[in-house]
Amino acid sequence: MSDLANKTSSEQVAAVEMSQQQRSAALAGIYQQLLTLEPDPEVRTHVEYRLAQINTESFEAQSYADLGDELTDPAQADSQVLAQLSKNDAALQQLIEQYQQLLQRYPQHAENEHLRYQLAKALDLQGNLGASLAQVELLLSQYPQTDYLAELNFRRGEIYYNLQNYIAAIQAYKQVLTANNNQKYQLNSLYMLGWSEFKLNRLANADNAFLQVFEALVASQQNNPQVTKLTADDFAFEKLGSRAQNLAIDTQRVLSISLSQQLQSQSLVALVNDNQSLPYIGLYQHVLFANLATFLLDKKLDHDAELTYQAYIDFAPNHIWAARFSLDLLDLLQQQGKFAAMHKLKNDYVKQYGLNSAFWLNASTAHQSELLPHLLNFSDEHSRRLYANAQTLQGNERINAFAQAAGALNTYLQLAQLPQAKPLLSKDIIHDQYLFADANYEAKQYQASLDSYYTIAYEPTDAEASTALSQIQQQSAYATTVTIRELISQQSPTAIEVVTPLISKRNQLDKQFIKQYPQDERALQLAGNAAQYSFDSQDCVSLKYFTDFVLQAHGIAPLTASSSAAQMATPLSDTARKQVQFVSQLYANSLYQQEQYAQAEDAYVLALQYTDNSTTAWSEMRNLLASSIYFQAQAVKQTEPLLAVSQLLRVAQVVPESQYAVNAELDAANLLLEQQRWQQAIDVLKPFQKQHPNHEFSAAIPAKLAQSYEALAQWDLAAEQLLIIVANEQPGR
């Protein structure tokens, strides 16, 4: 895979380099177009039509007033007036001559300002631009505060622009913008000011002028309720009125061309940053970036388009349009096969707009709904990629990689568990929850792993019941028992306050798994471990529970207070036999420690049935079995001496090889003598004397037998025992 990745990377570099060569050629082509570029013809027509409208206003009032009564549509009226004027060149020339004569005859007349104004318009109508410009300049010099200041400077600007005297045109348009009552001419002046700067290749100045055009366009639409409802989320110049649309489209076009000849997206960012004080720029600034990117894509400048999208994302990262442009950029990267860049962009998207981001916390419900499908898709893809990669590693690299995978899975799961995410999911998230638990385990983040496994195993789920679900739940349940042990192993044994509750939790999880999945083979192993823990902690109740579980699992009746030790041994496999022996021995030892000797005897008998008689455990348990019987007798010898005798005699019957057997028989005989059960005492002492002639206790037996025979009036037998006593006392014996 690494070779393939390296190969892909090389191909991408080549593609970028080729794109840079194409970029230079494309930019050169754009520059050549600048030499002949003009405003959009339709928009320019509107500007010139406005001039014609101005030029004809006085004639419309003086010579064609009757037409105004017949026409209600202003556009139709202007058309009629122009048609009339084109047929009356002689009348127009006569009017011009009259204006000139009056000005010559009365140079100081109070009406000359208006008269010279009319003369300039008439000359313009006649097509005599030079003479018209001269009259305008003369009028402005003689009447610098004229009421026609805005209109006259607008006329100057148009004439200078047509004469390609762009510097003079700029001066004229700027004077329009500072004049009073300039509302009729402001928008067109801004537009033509930008074009004049553009023609001089003063692109930064042109860009600022075009921004002012956008501002004026939006401001002019503020009486339109449909426009005032627009926000930066949904603003587009196409939603303005038709006149504003056309002007905006052409202004966007030339602005994009201008920026393409500068530093492109860098220049646009600087432009927008420098003009943040404009009242409406926040409404449409995203449109400028979108138009520039589209323009660059049309020119096959894909890399520059990428930079433009990225520039806006960096410029306004917490804006909804940054998220939208991220998707546009993602599509562009995919088309070019830039997969590494795609992965990074998707990860950045999740970080920037995910649940823990400032954007999400402040986002509207609509914005959250818009982003959520992409957040789910990107975070899911990223987490699975990290998990798969972690599986290929070893050592600390593997641990760290799984920690990263766990973090990514957590991000996805938080999103997937949102109520609004449910209809968007194409799979059950329990599989991802299991991966999350597993990733935490591999990362040695055991507490997080334990919590996740437990949730899957034992807490209610909305997942549809299925065999696969049951298997995951069962596997997770067992994983809790493994994980808690790892968690305990991480703790210092001296940290009792930490270890103690963890041990309690371990025992609880073991028991929970055993109860939930008694047929699972692993439950028997856990029960054996749990039995040992219970014995060590002297938890007799739990020990009994786990012992009974193992016995019943192997078809053996559990031990009860009234049970008999005479159960037939059940044929078992070696593993099963060891499990039974282990738990029953633990249980017997526990009972023995509690001095519950009768029950301990039964438990030892059961354990011995499943214990190899060649082992040390066999010998130890046989001895404890004898001890259990012996101590049963000791418990009742004061209150029920005859019962004690029967128990003592049973020791030798059950465990004849035990050291307790000799003492038990002598104790039984002594109890019988105390109870004057002479014949029974004799029946115990005689066999003992014969079986153990050299035992230290055997020397006292003749005296006890003599006492018993005398009590029974069996004098001959008593005399025999006395002779034995005398003989034993002779020197040398």
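Biologist: At what angle do helix α26 and helix α27 pack?
Modeller: This is a predicted model. Helix α26 covers residues 521-536 and helix α27 covers residues 540-553. Their axes lie 8 Å apart, and the packing angle is about 150 degrees.

Biologist: Is α26 roughly parallel or roughly antiparallel to α27?
Modeller: The two helices pack at about 150 degrees. Angles over 145 degrees count as roughly antiparallel, so α26 is, relative to α27, roughly antiparallel.

Biologist: Is the crossing of α26 and α27 left-handed or right-handed, and which residues of α27 make the contact?
Modeller: The crossing of these two helices is left-handed. From α26, the contact uses A523, L524, A527, A530, A531, S534 and F535. By class, the contact has 11 nonpolar, 2 polar and no charged residues. On the α27 side the residues are S542, L543, F546, F549, V550 and A553.

Biologist: How are helix α14 and helix α15 oriented, roughly parallel or roughly antiparallel?
Modeller: Helix α14 spans residues 265-274 and helix α15 spans residues 281-298. Their axes come within 11 Å and cross at roughly 170 degrees. The cut-off for this class is over 145 degrees, and α14 and α15 are therefore roughly antiparallel.

Biologist: How many nonpolar residues are in the contact of α14 with α15?
Modeller: S265, L268, V269 and V272 of α14 meet I281, Q285, L288, F289 and L292 of α15. No charged residues take part, and 2 are polar. The number of nonpolar residues is 7.

Biologist: Is α23 roughly parallel or roughly antiparallel to α25?
Modeller: Helix α23 (residues 446-458) and helix α25 (residues 496-516) have axes that come within 13 Å and cross at roughly 25 degrees. Angles under 35 degrees count as roughly parallel, which means that the orientation of α23 to α25 is roughly parallel.

Biologist: Which residues of α23 make the contact with α25?
Modeller: α23 passes α25 in a left-handed crossing. α25 contributes Q508, L509, Q512, F513 and Q516. The contact has 5 nonpolar, 3 polar and no charged residues. The α23 residues are L450, Y454 and Y458.

Biologist: Which helices each supply at least two residues of the lining of the largest pocket?
Modeller: The largest pocket is lined by 19 residues, and D428, I429, T461, D462 and A463 lie nearest its centre. The helices that each supply at least two lining residues are α22 (430-442) and α23.

Biologist: How much space lies in the largest pocket?
Modeller: The lining of this pocket has 9 nonpolar, 4 polar and 6 charged residues. The space in the largest pocket is about 450 Å³.

Technical notes
Residues are numbered from 1 along each chain as its sequence is written. This is a predicted model: local features need pLDDT of at least 70, side-chain atom pairs count only at pLDDT 80 or more; totals for chains, interfaces and linings use all residues. Side-chain values use heavy atoms; hydrogens and water are left out. Axes are lines fitted to C-alpha atoms, for helices over the stretch in contact, and angles run from 0 to 180 degrees between N-to-C directions. Helices (H or I, at least four residues) and strands (E, at least two) are DSSP runs, numbered from the N terminus. Angles under 35 degrees count as roughly parallel, over 145 as roughly antiparallel, 65 to 115 as roughly perpendicular and the rest as oblique. A crossing is left-handed if the near helix is turned anticlockwise from the far one by less than a right angle, and right-handed if clockwise. Contact means heavy atoms within 4.5 Å. Ala, Val, Leu, Ile, Met, Phe, Trp, Tyr, Cys and Pro count as nonpolar, Asp, Glu, Lys and Arg as charged, and the others, Gly among them, as polar. On a 1 Å grid over the protein atoms alone, a cavity is a set of points where a 1.4 Å probe fits but cannot get out, and a pocket is an open set with protein on both sides within 12 Å along at least five of seven lines; lining residues have an atom within 4 Å of a point. Grid points are joined across faces, edges and corners, and a volume is the space filled by probe spheres set on the points.
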